[in-house]
Amino acid sequence: MLQKTKLTQLEIETAVGALPIQDTLALRTWLHPNKKLFTFLDDEGMEDDRFTYLDLWQRAQSVAAYLSTRTAPGDRVLLFYPQGLDFIAAFFGCLLSNRIAVPLSLPNRRRVDKCVSIIVNCGAKVAMLPQKTYDKMEGSFDDTEASDLDWIISDDIPAARLIAIDSVYRSSASLDDVAFLQYTSGSTSTPKGVMVTHRNIALNLQMMRDSWILDAQTDMVFWQPHHHDMGLIMGQLLPILLGNHTVIMSPNTAVRQPAIWLNAVSHYQAKLTGGPNFIYDLASTRYSEERLKGVDLSCWEIAPNGADVVRQPTLERFYSIYKKYGFRMETFMPCYGLAEATLFVTGGPTRQMPQHMEVDKKVLENQRKVVHTENPEVARMLVGCGEPNWDVRVTIADPDSCKECEAGEVGEIWINARTVAAGYWNNPEATQKTFHGMLSNGSDKRYLRTGDIGFIGDDSQLYICGRLKDLIICEGRNLHPEDIEYTILNATEKLKTQSCAVFSYDKDDHKQAIVAIIETDRDLMRSLVEQAKELRSTIGQSITDEHGIGLSQIVFIPPATLKKTTSGKVQRSLMKSLYLNGELEILQA
């Protein structure tokens, strides 16, 4: 029997993804103002700060009121914040005042030029940040094109009058207005600002909620940075749509001590938490039985694994270690997404065993076709990254001819969905190239060209093979650098996770060179003179055995010098540029 519910009109609009996220925050504050929303943990995993729904609403209203005196609607506001709850209040203050938020990572000496490029591109005149961050950054932009920024110290913003919401709130924002700019990594070119609208946010959050069967009891733990799409959309906006409680910590905390992350999952009985493949690798390699005494992970229901290539051995290794703590293999949820689609594209079904298949790597490389095999000598293991939501169309297309690929063919992943962003800010050429892909069949449907290579399996799962721009074409074969890097890192125990970049380039004599850049740690750096020859021999033999190619050069660089994005992805294009321009600090070559 169908039973009518007593939902308000605002609740119904939230349920169907038709309400801006700031209005959803107002609704949640009206319904349960004193419910705990966010808890922030310090570097030792101890509670450092917390927000109820009313706390966030009041703080955001204070920021919005102040921004209205210093800026105009539509102005871009740079947000320079360390990981923490102050950023969330600043972000919502921008939304409530119809200013366009521009979340950025904190600049150091190497990131100032990138920040300046972003500031010039978005035309921001105002930056907001806490006093401690301003003290550290003071003078960073002197003698640059951003030297005339107007700095707003958020600590000085007067607090709003402490009253609860006692009536319906509706913002003046249109769903098609730009809510914030998500800047891409910009490894070798000017960073591009993805224009994410209020509609994009509302629909993407709705897709995650409905596809993964989430509700107000789906409490979460998140450590991804707030200036990254996964950290912001999934970690800080999704909780507000769900009405749940979410624990946040710094990325450095989780990477330095994964046990703190896992202890938080157990302590707060979180049902959803995860990250890129490398965090599961780190949790396996840095496993400490002593630090995990009393940990119970049986509460964990959904473990997203995305933003990087998902590896079946990683899933199996993590499960083999943590099953005694109650972790289940079906908790893993490999997924796929990107900022240009707001975040989520494919993932799930949840609470089921992750799908994988073994394909003939020679056929994959030579013919770009998928052929199943049980022969371990020619097999490449691929993990399914889930199914698209019913509101998303994923098409595999030939990147050159724009012809839709047949079943079993590998091509570029194209996406048509209402969650695809409006384009790149102030960059019509890149917008046309990336957001306006059209198939050669005459259809006028527009697609987002992701630049990722993959296929859709017989099981309806999306399988990712690599990045189009990083593809190494060797003797007519299509090799993915991720696979070569994986072989290198597994050739010896002396190398750490995420410490290798492989790329190719054409030499002056028109021959192709394949180079591996390997980052050392302090122990390896001290003994490199004695070990370099043996390491090169071991690595070279592994690459020849596994991939049938030879490396032209293996280069060792100092600790902490391998360039990565804020989400932990290796920036191969940037490493290639530094190498070819002679700008790498090299220990051994």
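This report describes the overall fold, the surface and the aromatic pairs of a predicted model.

## Overall fold

The protein chain contains 18 helices and 24 strands. Its radius of gyration is 24 Å, close to the 25 Å that the globule rule gives for 589 residues, so the chain is as compact as a globular protein of that length. Taken along the principal axes, the box filled by the C-alpha atoms is roughly 70 × 65 × 60 Å.

Among contacts in the protein chain with a separation of 6 or more, 71% are made by residues 24 or more positions apart.

## Burial, surface and charge

Of the 589 residues, 58% count as buried, and the accessible surface of the protein chain comes to about 25,500 Å², with 46% of that area belonging to carbon and sulfur atoms. The side chains include 61 positive and 74 negative ones, and the centres of these two sets lie 1 Å apart.

## Aromatic pairs

Across the whole structure, a search finds 28 aromatic pairs. One of them joins Tyr134 and Trp151, whose ring centres are 5.7 Å apart and whose planes stand at 65 degrees, so the pair is edge-to-face. Because Tyr134 lies in helix 6 (residues 131-137) and Trp151 in strand 6 (residues 150-153), this pair ties together parts that are 17 residues apart in sequence. Tyr134 is partly exposed at 21% relative accessibility, and Trp151 is likewise partly exposed, at 23%.

Trp261 and Tyr280 also form an edge-to-face pair, with 6.1 Å from centre to centre and 65 degrees between the planes. Trp261 belongs to helix 10 (residues 258-267) and Tyr280 to helix 11 (residues 277-285), 19 residues apart, and both residues are buried. Ring pairs link these two residues into a cluster with others, including Tyr287, Trp300 and Phe332.

Definitions and conventions: Residues are numbered from 1 along each chain as its sequence is written. This is a predicted model: local features need pLDDT of at least 70, side-chain atom pairs count only at pLDDT 80 or more; totals for chains, interfaces and linings use all residues. Side-chain values use heavy atoms; hydrogens and water are left out. Helices (H or I, at least four residues) and strands (E, at least two) are DSSP runs, numbered from the N terminus. The radius of gyration is taken over C-alpha atoms; the globule rule is 2.2 Å times the number of residues to the power 0.38. Buried means under 20% relative accessible area, exposed over 50%, partly exposed in between (1.4 Å probe, protein chains only). Contact means heavy atoms within 4.5 Å. Accessible areas come from the Shrake-Rupley method with a 1.4 Å probe; for residues, only the protein chains shown count as cover. Lys and Arg count as positive and Asp and Glu as negative; His and the chain ends are not counted. The place of a charge is taken as NZ of Lys, CZ of Arg, CG of Asp or CD of Glu. Rings of Phe, Tyr and Trp (its six-membered ring) pair if their centres lie within 6.5 Å; planes under 30 degrees apart count as stacked, over 60 as edge-to-face and the rest as tilted.
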